[in-house]
Amino acid sequence: MTMIIFDLWGKFAHFRKFYTNSSSLSYLVPPRTTIEGMVAALLGLERDSYYELLSSEKLHIAVRKIGKSKKIMQSLNYIRATGPKELIIQKNHTQIPFELLTGYDNLRYRIYLTHEDENILSEIEQRIINNKPVYPLYFGSAPFSCYIDYIDKMEWCWNDSSGYEIVSTVINNDKIEEIDIKNIEGALIKERMPRDFEENRIIKEVTTYIYEEEGKPLRVKINGKYARLSNGENVVFL
């Protein structure tokens, strides 16, 4: 089986937490549903048309945070416009607290991706190698453009272990049997993020994930199977 590895990077991001309402708060890493939307943009799939094709049963994704990031709270003016005229002559607007994510250099995430259908996987790979997404990519919100660096393609297999393993990707909480807390340098982040959409963009599944704030690898005992790459790296799918 083949795994495509690439980096997504950009200056700013906003990965909106699904449970926020009046304040727009952001995750530190893109949820699986955000990366799924980027893959759909790469392939030119229309909005709300790809949830079955790119579901978690068919498209396996892991994400690794690379480097430090910080959050900045800003106030945005949202305009209520029901037609083009109201974009010029504004009748109603409201200020919304908006959490902006940025890095000390750039934001960067390493994506590990594979699909059950080899033809789809091949098309994704070619579009990444040639840097030719059908639609522009962005980090969670249209003003925050992001870019792709192709890293590698590797063979992988399912693996299981009763001992501690080193994992540098975001880990589904259900897959963690035990964490070696004593040897962690930094801070652990625990967040609930959407995993899958069903028809009409309704959230199908929400899962709790664990990762180190700066993306440092964790030493964990993994419950069940995980992916091991041909270079020995361990990956847990979102």
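A salt bridge is a side-chain nitrogen of Lys or Arg within 4 Å of a carboxyl oxygen of Asp or Glu. The model is predicted, so local features need pLDDT of at least 70 and side-chain atom pairs count only at pLDDT 80 or more, while totals for chains, interfaces and linings use all residues. Residues are numbered from 1 along each chain as its sequence is written, and side-chain values use heavy atoms, with hydrogens and water left out.

**View A. Salt bridge between Arg 108 and Asp 149.** The closest N and O atoms of this pair are 3.3 Å apart. Arg 108 belongs to strand S6 (residues 92-115) and Asp 149 to strand S7 (residues 147-159), so the contact ties together parts that are 41 residues apart in sequence. Strands (E, at least two residues) and helices (H or I, at least four) are DSSP runs, numbered from the N terminus. Arg 108 is partly exposed at 26% relative accessibility, and Asp 149 is partly exposed at 28%. Partly exposed lies between buried (under 20% relative accessible area) and exposed (over 50%), with a 1.4 Å probe and protein chains only. Both residues belong to a network of salt bridges that also links Asp 7 and Arg 110.

**View B. Salt bridge between Arg 64 and Glu 233.** Here the closest N and O atoms are 4.0 Å apart. The pair links distant parts of the chain, 169 residues apart: Arg 64 is in strand S4 (residues 59-66), and Glu 233 is in the loop between strand S14 (226-229) and strand S15 (234-235). Arg 64 has a relative accessibility of 24% and Glu 233 a relative accessible area of 21%.

View C. Arg 127 is partly exposed at 25%, as is Glu 123 at 37%. The structure holds 19 salt bridges.

**View D. Nonpolar surface patch of Phe 18, Tyr 19 and Ile 203.** Together these residues have about 270 Å² of accessible area, computed by the Shrake-Rupley method with a 1.4 Å probe; for residues, only the protein chains shown count as cover. Patches are made of residues with over 30% relative accessible area and no salt bridge, joined within 5 Å for nonpolar side chains (Val, Leu, Ile, Met, Phe, Trp, Tyr) and within 9 Å for like charges. Phe 18 lies in the loop between strand S2 (15-16) and strand S3 (26-27). Its relative accessible area is 36%, which counts as partly exposed.
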